[in-house]
Amino acid sequence: MAYIRKGNFRFRVFRDELDAYSGLFLLCKPGYEHRVAHVHNIPDQCTIFSFPAESADRLMEHTASFSWFFNNPDIQSILVKATPEMEFLHQHIFSLLQKTHYPRLWAEQLMNDLFMMVLSAGDPLHPLPPLNDKQKRNYLPAIEQVKIFINENYADDVTLPQLAALGNMSPFHFNRLFKQITAATPYNYLLQVRLKQATLQLRNTSLPVTDIAFSTGFNSLEHFSAAYKKQFGKSPSSMRS
């Protein structure tokens, strides 16, 4: 599994040629050779996660719903559009692995969670809408920087003009373009990142719910609880228990 952090490249495996660009996850079955080629001079950066081939067998034993990927001989690799939650989880893992010493079991658990999340979102019947060369050259780098900023500053009072300025665009143009490329509005993207960070804290710390609400950027416990229940169907306290 690879997450394309920056840039764009062509990925060819067996009969398939995929247009991989930033904001997408690339999932490949084990045992297939592949070739990578650049179509222009935009450099790419990827985070690559490797899992043992036997992991696929164990996954199939417990999750028959993934048979469309593992048992279909016509599918060797797929592209999955990242959700804000996936991108935040990737960023969390990426930052964790930069440390000299990190809890390996925790990192592996997060990687498995990310893999399951990405595979669950795959849909071979609905291919991704392509981006044209102009969008890739002129707009992808700006959107990449904005997403990094959100993932690193989610607890702050982030504004639309502030994000638009990072991309050197007007707020109206930025709002439209951001939604086109990420499938989320800037506000919804920020909200999803905050809720994912809150979920990690609820599951893995004993911090009071109020502290978690304010540390993840919500301005009140009521706002946090309402947003959390709308997203997950249960209150933050219920999620913890």
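A residue is called buried when its relative accessible area is under 20%, exposed when that area is over 50%, and partly exposed in between. By that rule, tryptophan 68 is partly exposed because its relative accessibility is 22%. The model described here is predicted. Its chain has an average pLDDT of 87, and 95% of the residues reach at least 70.

An open sheet is built from four antiparallel strands in the order β6-β1-β4-β7. The edge strands are β6 (45-48) and β7 (77-81); each has a single partner strand, so one side of each has no neighbour in the sheet. From one strand to the next, the twist averages 25 degrees. Four bridges join β1 (residues 2-6) to β6 in the antiparallel sense, and isoleucine 4 has cysteine 46 of β6 as its bridge partner. Helix α3 (residues 84-97) lies across β1, β4 (24-28), β6 and β7, at about 90 degrees to β1.

**Aromatic rings**

The model holds eleven aromatic pairs. Two of them are listed here.

| Pair | Centre distance | Plane angle | Class |
|---|---|---|---|
| Tyrosine 3 and phenylalanine 25 | 4.7 Å | 40 degrees | tilted |
| Tryptophan 68 and phenylalanine 69 | 5.7 Å | 65 degrees | edge-to-face |

Tyrosine 3 in β1 and phenylalanine 25 in β4 are 22 residues apart in the chain. Tyrosine 3 is buried at 6% relative accessibility, and phenylalanine 25 is buried at 0%. Phenylalanine 69 is buried at 2%, and lysine 29 lies over the face of its ring, 5.7 Å from the ring centre. One aromatic cluster consists of Phe218, Phe224, Tyr228 and Phe232.

Key. Residues are numbered from 1 along each chain as its sequence is written. This is a predicted model: local features need pLDDT of at least 70, side-chain atom pairs count only at pLDDT 80 or more; totals for chains, interfaces and linings use all residues. Side-chain values use heavy atoms; hydrogens and water are left out. pLDDT is the predictor's confidence in each residue, from 0 to 100. Two strands pair if DSSP finds at least two bridges between them. Helices (H or I, at least four residues) and strands (E, at least two) are DSSP runs, numbered from the N terminus. Axes are lines fitted to C-alpha atoms, for helices over the stretch in contact, and angles run from 0 to 180 degrees between N-to-C directions. Contact means heavy atoms within 4.5 Å. Rings of Phe, Tyr and Trp (its six-membered ring) pair if their centres lie within 6.5 Å; planes under 30 degrees apart count as stacked, over 60 as edge-to-face and the rest as tilted. Buried means under 20% relative accessible area, exposed over 50%, partly exposed in between (1.4 Å probe, protein chains only). A charge sits over a ring if NZ of Lys or CZ of Arg is within 6 Å of the ring centre and within 35 degrees of the ring normal.
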